[in-house]
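Please consider the model shown below, taking its sequence and its coordinates together. The paragraphs that follow lead through it step by step.

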Amino acid sequence: MRDIHILGAGLSGLAAATILAKAGKKVHVHEVLVDSGARFDGDFQGLENWTSEIDFFDEMESWGLNPNEFKSDEFSIVDLAHPDDVITNPITKGIAFRVVERGTDSHCIDQGLKRMALESGVEIHYKSKKNPSDCDIIAAGPKNSSAVAFGEIFHTTHENHVTFQLNDKLAPGAYSYMIIIDGIGLICTCLWRKQRKTSRYLNETIAWYEKFYELNRKPIKRVGGKGDFGLPSKYRHEGKYYVGEAGGLQDFMWGFGMRYAITSGVYAAKDILGECDYEKEIRKRLVPLVKSSVINRFLMNRMGDRGFKIIANYWMKNQTKTGDGLRFMKRLYSPGVIRKLIWPIAKFSMLRKIKVDDGRTIQRMPFRKSLKRDDWTPSSRAVEIGEEWKNIRKAGGKVSFIDD
Ligand SMILES: Cc1cc2nc3c(=O)[nH]c(=O)nc-3n(C[C@H](O)[C@H](O)[C@H](O)COP(=O)(O)OP(=O)(O)OC[C@H]3O[C@@H](n4cnc5c(N)ncnc54)[C@H](O)[C@@H]3O)c2cc1C
């Protein structure tokens, strides 16, 4: 029996490895960093529960993956901050999403999946540089940047909470969010237009949250990362399976990718076991969602705060009409005739075809240029927050991204 080699010990790679090892395969995972989750640094992420009718944890269990191996906190309500600072509350009866932590601490999702893989008999090789051409599954995460996110992690006295903010000034072309779990908070701003002096956006975003919430914020560290958005011509190419973000399987609108990563890892493993056709499954289950998100992103790119206000209002109207705040999110991803008509325009104006080393072509979303309106004078509180952070950094405060 031939050994199976996987590049990347993140969510998609470890999910694939576990399924294969449980079925009796000898599996090696090669990870360039020191540990699973080391790409992240204790940041909270939302595991969405709206792109399928099935609860994601039930789905994981049906695949033999145990969601109790990592800590998660369920949410059915969020604060939605409109661009004009009005705050409303999308709410659902079930679970809208779960917050998990990314990183190397034992309760993080990355470590939970690592434990499952090791218990199934997978051999993980950390600090390993394996040639991708010698691997069966490519699960190595992002290569380029289409967008970035920067955040600050802090101690707080505020109770568990999530705010999602649509604001073109604080988060150019995108959104910011605040997640608080058990006394630890994360305020993050996402930039979908390329900027210089990026910490300016984070400082101003923190100033905004401080104004609206009693946080008693004590900064710990600053974190960040990039997102790579692209639609490849093939998900299986020359015998290799491209899974998770390495396969471009990520939501172009909000940047959600964890669910797609685990799902694609599972289906790559199932194909190797002769239980399905990976290319077909991905095109049936995930590509329609990704395409819808490209269209949503295309429409969002055209909007400033006026457009965001329309979205926020429509979301709340839809909740009043249907009695469920999650319906709107589900609708955003359903393909439909109008989206089919918009697709060629969205593809043409947003994506650029590139050829990659392995011979595949990818319709990539380039990082958009900044706009004139992205240049503004910081508030005095944001300047203070910037100075406060400089001092914390001098005293050893960690930052896992380059500020400018
Ligand atoms: C700041 C930020 C916030 C996010 N928030 C959310 C969110 O709230 N919800 C959500 O669903 N998604 C979110 N995402 C997206 C999510 O993190 C990704 O979609 C998901 O991690 C993709 O999983 P993956 O398995 O493809 O990659 P990863 O989990 O990143 O794993 C890839 C692994 O491959 C390793 N690797 C890279 N190159 C090599 C190499 N050459 N050889 C060996 N190993 C290699 C990496 O070190 C890493 O361990 C966010 C992303 C960022 C950056």
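The place of Gly336 is in helix α10. This residue belongs to a predicted model. Gly336 counts as exposed because 11 C-beta neighbours lie inside 10 Å, and the cut-off for exposure is 12 or fewer. Between the C-alpha atoms of Gly336 and Tyr213 there are 39 Å, the two residues being 123 residues apart along the chain.

Helix α10, which spans residues 336-350, has a partner in helix α7, residues 287-301; their axes come within 9 Å and cross at roughly 70°. The angle makes α7 roughly perpendicular to α10. In this crossing, α7 passes α10 in a left-handed manner. The residues that meet are Lys291, Ser292, Val294, Ile295, Arg297 and Phe298 on the α7 side, and Arg339, Ile342, Trp343, Ala346, Ser349 and Met350 on the α10 side. Sorted by class, this contact of α7 with α10 has seven nonpolar, two polar and three charged residues.

The crossing of α1 and α5 is right-handed. From α1, the residues taking part are Leu11, Ser12, Gly13, Ala15, Ala16, Ile19 and Leu20; in α5 they meet Met258, Ala261, Ile262, Ser264, Gly265, Val266, Ala268, Ala269, Lys270 and Ile272. Twelve nonpolar, four polar and one charged residue make up the contact of α1 with α5.

The next topic is the nonpolar interior. In soluble globular proteins, nonpolar side chains tend to be buried together. Here the largest nonpolar core has 74 residues, and those with the most contacts inside it are Ile6, Ala16, Ala17, Ile137, Ile138 and Val243. Helix α5, residues 258-272, supplies the largest share of this core, namely nine residues. Apart from this core lies another, of 39 residues, among them Val162, Met178, Ile179 and Trp192.

Which residues does Val243 contact, leaving aside its neighbours within four places in sequence? They are Ser12, Ala16, Ile137, Ile138, Ala139, Ala261, Ser264, Gly265 and Ala268. Ser12 and Ala16 are also among the α1 residues that meet α5, and Ala261, Ser264, Gly265 and Ala268 are among the α5 residues that meet α1.

Ile138 also has a contact with Pro132, which touches Leu7 as well, again leaving aside neighbours within four places in sequence. Pro132 is placed in the loop between β8 and β9. With 15 C-beta neighbours inside 10 Å, Pro132 counts as partly exposed. The C-alpha atoms of Pro132 and Ile345 are separated by 34 Å, and the two residues are 213 residues apart along the chain.

The loop between β8 (123-125) and β9 (137-138) also holds Lys127. What is the phi of Lys127? It is near 50°, a positive value in a residue other than glycine. Most residues other than glycine have a negative phi, and most peptide bonds are trans. Lys127 counts as exposed, with 10 C-beta neighbours inside 10 Å. A positive phi is also found at Asp85, about 75°, although Asp85 is not a glycine. Asp85 lies in the loop between β5 (79-81) and β6 (87-88). Asp85 is exposed because 11 other C-beta atoms lie within 10 Å.

A further helix pair consists of α4 (residues 199-212) and α11 (residues 380-394), with axes that come within 8 Å and cross at roughly 115°. In a right-handed crossing, α4 passes α11. Ser199, Asn203, Glu204, Ile206 and Ala207 in α4 meet Arg381, Ala382, Ile385 and Gly386 in α11. By class, the contact of α4 with α11 divides into four nonpolar, three polar and two charged residues.

Gly397 is located in the loop between α11 and β20 (398-399). Is Gly397 exposed, partly exposed or buried? With 16 other C-beta atoms within 10 Å, Gly397 is partly exposed. Not counting residues up to four places away in sequence, Gly397 touches Pro219, Lys221 and Ile392. Gly397 and Gly141 are 27 Å apart in space, C-alpha to C-alpha, and 256 residues apart in sequence.

Note on methods. Residues are numbered from 1 along each chain as its sequence is written. This is a predicted model: local features need pLDDT of at least 70, side-chain atom pairs count only at pLDDT 80 or more; totals for chains, interfaces and linings use all residues. A nonpolar core is a set of buried Ala, Val, Leu, Ile, Met, Phe, Trp, Tyr and Cys residues joined through C-beta atoms within 7 Å. A residue is buried if 20 or more other C-beta atoms lie within 10 Å of its own, exposed if 12 or fewer, and partly exposed in between; C-beta atoms are placed from the backbone. Helices (H or I, at least four residues) and strands (E, at least two) are DSSP runs, numbered from the N terminus. Two residues are in contact if their C-beta atoms, placed from the backbone, lie within 7 Å. Axes are lines fitted to C-alpha atoms, for helices over the stretch in contact, and angles run from 0 to 180 degrees between N-to-C directions. Angles under 35 degrees count as roughly parallel, over 145 as roughly antiparallel, 65 to 115 as roughly perpendicular and the rest as oblique. A crossing is left-handed if the near helix is turned anticlockwise from the far one by less than a right angle, and right-handed if clockwise. Ala, Val, Leu, Ile, Met, Phe, Trp, Tyr, Cys and Pro count as nonpolar, Asp, Glu, Lys and Arg as charged, and the others, Gly among them, as polar.
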